[in-house]
Amino acid sequence: MKKQLVLSETLTKAYPSENRGEPELVVFENVNFRIREGEFVTCIGHSGCGKSTILNILAGLQSPSKGYVFLDGKEITRPGLDRAVVFQGHSLLPWLTALENVTFAVRARWPEWTKAQVRAHALEYIEMVGLKDAFDRKPHQLSGGMCQRVGIARAFAIRSRLLLMDEPFGALDALTRGSIQEELVKICAATGQTVFMITHDVDEAILLSDRIFLMTNGPRAHVAEAVSINLPRPRDRAEIVHHPGYYTIRNHLVDFLVSRSRELSGGRHGATPVPVHNAKGELLFPPDVDPLALSETVTR
Ligand SMILES: Nc1ncnc2c1ncn2[C@@H]1O[C@H](COP(=O)(O)OP(=O)(O)O)[C@@H](O)[C@H]1O
Ligand SMILES: [Mg+2]
């Protein structure tokens, strides 16, 4: 079993009500999960359930109202070079070329490296995302998909412990999205990068994930289950849909999004409190569910 890298413990985010005397708005509550080293985890849930907030807390950009997140056993309290983030819109520096946007980050990560070392390392990742011929173009000379590729190259290049991606392909057309997904599959296989990614695309989640965290609707959202995607790797976007288990998994996810995410939701005033600890006082994690085995086991 691979080493545990990320731990989220009773993570809760609440905002004070705008009207005095009204209860606070609890976006999510008691979110527990673990991510192992090298795992690709995606998170799916309806808009507003707090996915981006959780990712920002992992990035160190926001803080929880209650609970903790740990990376390598150390509590996350601020951003750091041990984490890389890719957001939906690219966040490239417009006055730098594609390559320079990557070298900039590589230099910050390894200040002791020579110029040649930095350049060679950055070029390797520019090539991985298929931008070898466009390395000296500036963001305004690149398409949206190409910019997003540069952002991905930059994120992988710094060899962070954890890569965080918030709907990174949400703004791209289907064809571009498909080819970047395929590159991502290959880069992850080559680098063993640990990834936590938010998506609303169930096919994308199945293609990429080792496990998918399913979140209930807010307010008081929580991770209801961790779905194991036990489809063989390497995975190919065109072939995977022909796997006999593909639609079993897909239907499980869609059924959750269509009905169970609402039924399991705690509701505005917390109608159904979710158990956080077992009888021994140990933290309860969402059950690992394997739709193919049709067996549900609570893991502790
Ligand atoms: N400053 C704020 N005050 C009150 N509510 C907020 C504030 N910022 C975010 N929220 C609420 O937090 C919820 C979760 O947002 P977000 O993490 O972006 O969800 P998701 O990414 O799942 O769509 C939203 O319902 C939003 O209305
Ligand atoms: Mg979001």
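By class, the shell of residues around ligand 1 comprises three nonpolar, six polar and one charged residues. These values, like those that follow, belong to a predicted model. The residues that surround the ligand are Tyr 15, Val 27, His 46, Ser 47, Gly 48, Cys 49, Gly 50, Lys 51, Ser 52 and Thr 53. Helix α1, which spans residues 51-59, supplies the largest share of this shell, namely three residues. Polar atoms of the protein approach the ligand at several points: a polar side-chain atom of Lys 51 lies 2.8 Å from an oxygen atom of ligand 1, and a backbone N or O atom of Gly 50 lies 3.0 Å from an oxygen atom of the ligand. For Tyr 15, a polar side-chain atom is found 3.3 Å from a nitrogen atom of ligand 1. Taken on its own, ligand 1 has 580 Å² of accessible area, of which the protein covers 57%.

Four strands form an open sheet in the order β2-β1-β4-β5, and their pairing is antiparallel. Strands β2 and β5 (74-75) stand at the edges, where each has a single partner strand, so one side of each is left without a neighbour in the sheet. Strand β1, which covers residues 4-15, is mostly covered, with nine of its twelve residues buried. Eight bridges join β1 to β2 (residues 25-36), and these two strands run antiparallel; within this pairing, Tyr 15 stands opposite Leu 25 of β2. Strand β1 is also joined to strand β4 (residues 66-71), by five bridges and again with an antiparallel course. Along that pairing, Glu 9 stands opposite Tyr 68 in β4, while Thr 12 has Lys 66 of β4 as its bridge partner.

Thr 10, which lies in strand β1, has a positive phi of about 45° although it is not a glycine. With a relative accessibility of 13%, Thr 10 counts as buried, because the limit for that class is under 20%. Asp 72 likewise has a positive phi, of about 55°, although it is not a glycine; its place is in the loop between β4 and β5. Asp 72 has a relative accessibility of 35% and therefore counts as partly exposed, since this value falls between the limits of 20% and 50%.

Cis peptide bonds were examined next. The peptide bond from Gly 218 to Pro 219 is cis, with omega near -5°, and Pro 219 is placed in the loop between β9 (211-215) and β10 (223-228). A cis peptide bond also joins Arg 233 and Pro 234, with omega about 0°. Pro 234 lies in the loop between β10 and α7 (237-240).

A disulfide is a covalent bond between the sulfur atoms of two cysteines, and the structure holds zero disulfides. Cys 188 is accordingly in no disulfide, and the nearest cysteine sulfur, which belongs to Cys 43, is 17 Å away. Cys 188 is buried, with a relative accessible area of 14%, and Cys 147 is buried as well, with a relative accessible area of 3%. Gln 193 is situated in the loop between α5 (174-191) and β8 (195-198). Although Gln 193 lies in a loop, its relative accessibility is 7% and it counts as buried. A polar atom of the Gln 193 side chain lies 3.2 Å from the backbone oxygen of Ser 160.

Note on methods:
Residues are numbered from 1 along each chain as its sequence is written. Chains are lettered from A and ligands numbered from 1 in the order in which they are written. This is a predicted model: local features need pLDDT of at least 70, side-chain atom pairs count only at pLDDT 80 or more; totals for chains, interfaces and linings use all residues. Side-chain values use heavy atoms; hydrogens and water are left out. A residue is near a molecule or strand if one of its heavy atoms lies within 4 Å of it. A polar contact is a pair of N or O atoms within 3.5 Å; within protein, one must be able to donate a hydrogen and the other to accept it, and residues adjacent in sequence count only if both atoms are side-chain atoms. Accessible areas come from the Shrake-Rupley method with a 1.4 Å probe; for residues, only the protein chains shown count as cover. Ala, Val, Leu, Ile, Met, Phe, Trp, Tyr, Cys and Pro count as nonpolar, Asp, Glu, Lys and Arg as charged, and the others, Gly among them, as polar. Buried means under 20% relative accessible area, exposed over 50%, partly exposed in between (1.4 Å probe, protein chains only). Two strands pair if DSSP finds at least two bridges between them. A disulfide is a pair of cysteine sulfur atoms within 2.5 Å.
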